[in-house]
Amino acid sequence: MPTRSEEMLMDLWMSLLLVWITCVPSVSMTPITGQSRSTQTGGSAAMASGLGEGQRLLSRTKRGWVWNQMFVLEEFSGPDPILVGRLHTDLDVGNKNIKYVLAGEGAGTIFAINELTGDIHAMKRLDREEKAEYTLTAQVINADTDEPLEPPSEFIIKVQDINDNPPQFLQGPYRASVAEMSAVGTSVTTVTATDADDPVYGNSAKLVYSILQGQPYFSVDPNSATIKVALNDMDREMRDEYLVVIQAKDMGGHMGGLSGTTSLTVTLIDINDNPPKFSKNLYEFVIPEDLPLGKMGGKVKANDRDYGDNAKSTYSIIEGDDQGVFEIVTDTQTQEGILKLKKPLDYETKKAYTLKVEATNILPGHSSTAHFKDTATVKIAVDDSDEPPVFSKSMYLLDVNENAPINTVIGTVNARDPDSSKNTVRYFIDRHTDLERQFNINVDDGKITLAKPLDRETDMWHNITVTATEVGNHSPISRAIVAIRVMDINDNAPEFATEYEAFLCENGKPGQVIQTISAVDKDDPVQGHYFNYRLVPEMLNNPNFTIKNNQDNSISVLAKHDTFRRQKQEMYFLPIIVTDNGHPPMSSTNTLTIRVCGCSKDGIVQSCNVEAYVLPIGLSMGALIAILACIILLLVIVVLFVTLRRHKNEPLIIKDDEDVRENIIRYDDEGGGEEDTEAFDIATLQNPDGINGYLPRKDIKPDLQFMPRRIVTVEPNNVFIRRSLILVDCDLDSVVECLAVFWVLVICCDCQ
């Protein structure tokens, strides 16, 4: 049994090793040379985890730091900091002044190191779900000089997971659906939970699913969380919704594991598994024989326990309606079959009908391609009614000539009483459709006659309504439309299509087309229009114009010579006779007005007035208008000037009341303008002695001062001139003044 003893001894050592790893808050110090990150080649290093003072340290020579990962349990809480591990270097032989330094994630806050012994402690409670590992750097330095004795080395402290998080269904509560009558094992949906614990360490995140509520209808796969149908023949019409509660438990479902739950609402989807069913096997209706076409005579309904499109049905008549009197349609809102009339009922012909109606699902059944159906019997009794008279036609078409005499018989309408009593029928015209009372009707025989003359060119059609009632019973009334077409006769003469006015150029050539003329005729002959054009007899030998037939019911007017002049004759009148091809032919005389105009070399009309011809050569009408505008503007300036002169404060120069002369003295020299202070003063002109009192000017040579001046004396009878005497010195600065006075005198003389 030595082999058996060795196995038992090995199991014992393995159990002790597992207990030691689990219970002691530190890490085994098994050396792993491949994880050394130090470049140090001298000395030796070792790492101790949770060792007592009396425990021997393992060491290897010629090595620097020898590392393994350190572990610390999460959520550990106690009165003292938890020992994570111990750092040791072979330089620490007890007689050297060395110091351990820790740096990296959480150094100094979460993790603290004993500078002398190298012990690392966790100072805070750790949560693996917040941070799973910390990367730190260890280094040995001289305690006095802080100089590094070895290069820094990096190591990792991992937070060891404990089962402190329950499973959670993050998307719950859930909803799903499955078709009714689904087979056992049909997948409904999958609901999965999540666990924040470490999925690779232990069973803290290993979940197992189970159903707490929802049996025996549904089941759940414990590993995949797939919900499946667990019961056959679940019928939506019996129950359409189920509530399922699902549980997820970690630790593989063992005792002590944490759990979470969620709810799933499963709705059964309808399938077409129920046929339509009429509420009654026999339906009976009484329909009056005067029911209008398309109106409802009755309705039937087949109920279906299904839902939506699966419950929709169509109705049809499969027996008893050989003549097609009835039809049945489906009301999409109520799913009822509406029975309607396609043809009129006649009690005297048939008093009852027996129909067989069928209701059929629109969609086929779920188990086959056949459609579910059901049938019912419909009995219809026709109720006798007092029907109105029936016309032999619903619409009559009659023709009448427009020259027909009064009381001409246009046509006849006929109606009968469909009832068995066969009452006499009387006829009337609905005067709302014959407001002008152009027609009459014989109340006994229905003959329509003409009451007023007709004119096709005014109204081609007359639509009247004729009513028929039974003698002794005026309630039921029937109506018929009578369309009367007025036939055309040739009673209108053709005439020009428009009022033509032609323009002829003075420089035109012989044979030039002056105007193209067409005609219109209000009549409408069957064979169409054809017009004949000719000049009046007295104009057959017209020396100026002629006409040419264009063979399209139009003519062209041509000039015979090129000697037309506006001075000689400005306007010509050409009478033309137009005749149609009716029976008898009708004709009319129409006059074409031709104006002689002045044209450009390109034949463009410029002016057709005689006055324009006698205008001076070289001056156009626009130039004359511009000249006239300038004259008017000048007159306005003169009026303003005179008005201003009258309102000046100094008195007008008047020698005496009897002196009515006005002297205008023109000098043949130029003044100096406003700056000419050497010129003579105008007061000289005010001297009653006139020129004899002239004072010599300083700026003119003495031999030139007595040059003769031209004096113009005007003695008008104008009242204004009688009261004033104006003497003007016509220097350059008084040109406007001279012109104004001159124009005033001219106007005054013209007025005389």
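S600 lies in the loop between β40 (587-599) and β41 (605-607); strands here are DSSP runs of E with at least two residues, numbered from the N terminus. The model is a predicted one, in which local features need pLDDT of at least 70 and side-chain atom pairs count only at pLDDT 80 or more, while totals for chains, interfaces and linings use all residues. Residues are numbered from 1 along each chain as its sequence is written, and side-chain values use heavy atoms, with hydrogens and water left out.

S600 counts as buried because its relative accessibility is 16%, where buried means under 20% relative accessible area (1.4 Å probe, protein chains only). Leaving aside residues up to four places away in sequence, S600 touches N507 and Q606; such a contact means heavy atoms within 4.5 Å.

Attention now turns to strand pairing. Strands of a sheet pair through backbone hydrogen bonds, either parallel or antiparallel. Two strands are taken to pair if DSSP finds at least two bridges between them. Strand β30 (residues 447-450) runs antiparallel to β26 (residues 409-412), and 3 bridges join them; here G411 stands opposite I448. Strand β29 (residues 439-441) is also joined to β30 by 3 bridges, again antiparallel, with N440 opposite T449. β29 and β30 form a hairpin with 5 residues between them, and G446 in the turn has a positive phi of about 80°.

A further region is an open sheet of 3 strands in the order β10-β13-β12, with antiparallel pairing. Its edge strands, β10 (187-190) and β12 (218-220), each pair on one side only. Between β12 and β13 (residues 226-229) there are 3 bridges, and S219 has K228 in β13 as its bridge partner.

Methods
Helix = DSSP H or I, 4+ residues; strand = E, 2+ residues; numbered from the N terminus. Buried < 20%, exposed > 50% of the residue type's maximum accessible area, 1.4 Å probe, protein only.
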